[in-house]
There are 2 protein chains.
Amino acid sequence: MTGQVRTVDGRVAGRRGQATRQKLLDCLSEMLSSSPYRDVKVIDVARKAGTSPATFYQYFPDVEGAVLEIAEQMATEGAALTELLEGRSWAGKAGWQTAQELVDGFLEFWRRNDAILRVVDLGAAEGDKRFYKLRMKILNSVNNSLADAVAELQAKGRVDKDVNPAAVAGSLVAMLAAVASHQKGFSSWGVKQAELKPNLALLVHLGVTGRKPTK
Amino acid sequence: MTGQVRTVDGRVAGRRGQATRQKLLDCLSEMLSSSPYRDVKVIDVARKAGTSPATFYQYFPDVEGAVLEIAEQMATEGAALTELLEGRSWAGKAGWQTAQELVDGFLEFWRRNDAILRVVDLGAAEGDKRFYKLRMKILNSVNNSLADAVAELQAKGRVDKDVNPAAVAGSLVAMLAAVASHQKGFSSWGVKQAELKPNLALLVHLGVTGRKPTK
DNA sequence: ACTTGTCCTGTCATGACGTCAGCTTACCGA
DNA sequence: TCGGTAAGCTGACGTCATGACAGGACAAGT
């Protein structure tokens, strides 16, 4: 399905090639976690991977291209986020539970991949289509599930007609992503992680159902 | 208050110097709008300003330093966002009006300065203290006003005791900022700008008051 | 005109970028 | 066992950005 892995000049990569390729990706990932995106240089990544810059250019057109690759891998993992919402109820105590677990799972996922997600976010904000398609791919699972939940409640008449499920879902997901990116900012503003989560869950619950949760 | 403008090597800048300095900032601003942050080079900024790279380095240590300068200017303008909330009511129809105007004003401000705000966001997310202090400075006016509003309603017993005003306010502000950054993403997801705003306003109103607005 | 301090640039060493030809290594069929 | 072929890697190179410096250009006061 995914076709063969190819080098920039068209050769198919074999076992060894794929290994160094992956090593380069891993090292890049690590560098993104430890230094500002702007300062990540091909030469450093190559050095860290114990290879030469020329090798890097065999597998990727540039740093951006390699980042897209990493993000693509992450996006498939991100599909697992759907499970946080699949078949969950938004009614009564179960609804509160659903909101809490969504917040928990989402923040955890974001924290685990924050370095790459930062770059994806930037690329998307800069209007690069490849990046924001990727961003959608990552968020779509949660986004769609949330939108469905809202639409369903709307069909039952429990949510106002003039609410746009997609808009609300998108905004809530954006909120979760933004808060996850700036968790440190919150803590220096006097809000502890532990306090943050229930308040986020509250906002999600309010947004989806239009009502306060029953705890 | 702001002290004199100084060059990197300590001289005080005169009239002409300040002019070129500002010109460099303006050109940098423009470049940030038109090309990815990672690709903005000192030499391009200098060329665009009709001067040489060496001149740039007289006034700023590097691109990052210049961005901080621009952002600082913007932060002072950002203080005007407080007016969107100062002395507004969150009750009844007035509350809905307040929410709408907040969303409107915020999105407008963000859109006007999106290029620099993207970079500030990135820097903050990467953990650079200078950037996230700046980000707080920009958002504080709105953040504090919102938190105050929640706290006030809480004191009146109209909002649950276990809500943390700062956490809710911070999350809502983060949501507004994130949505503003990714407006294009929404539109390609089938949500029009015009639809987005009322739904955002709804979420803000729900978050602050815990109730649906009366329209 | 002369001095003084501000302002800008030419130039240079350093180092990253991205390409290429060519060397080494692994695999495979005869 | 032995080439042959393709994969895999790198040294070297031209190009370009960086950042520092010394010195020339310019405005203002005397």
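## Protein surface at DNA strand D

In this predicted model, the surface near DNA strand D draws at least two residues from each of four helices: H1 (15–34) and H3 (53–59) of chain A, and H2 (42–48) and H3 (53–59) of chain B. H3(A) gives the most, with four residues. By class, this surface has eight nonpolar, seven polar and three charged residues.

There are 18 residues around DNA strand D, and those that come nearest are A:Arg11, A:Gly14, A:Thr20, A:Thr51 and B:Tyr57.

| Protein residue and atom | Atom of DNA strand D | Distance |
|---|---|---|
| A:Thr55, polar side-chain atom | phosphate oxygen | 3.0 Å |
| A:Gln58, side-chain N or O atom | base nitrogen | 3.1 Å |
| B:Ile43, backbone N or O atom | phosphate oxygen | 3.2 Å |

The same surface serves both copies, as 96% of the contact residues of chain A recur in chain B.

In chain B, helix H9 (residues 183–187) contains B:Lys184. This lysine counts as exposed because its relative accessibility is 61%, against a cut-off of over 50%. B:Lys184 and B:Gly10 are 174 residues apart in sequence, and their C-alpha atoms are 44 Å apart in space.

How values were computed. Residues numbered from 1 in each chain as written. Chains lettered and ligands numbered in written order. Predicted model: local features only at pLDDT ≥ 70, side-chain atom pairs only at ≥ 80, totals over all residues. Heavy atoms only, no water. Buried < 20%, exposed > 50% of the residue type's maximum accessible area, 1.4 Å probe, protein only. Contact = heavy atoms within 4.5 Å. Near = heavy atom within 4 Å. Polar contact = N/O pair within 3.5 Å; in protein donor to acceptor, adjacent residues only side chain to side chain. Nonpolar A, V, L, I, M, F, W, Y, C, P; charged D, E, K, R; others polar.
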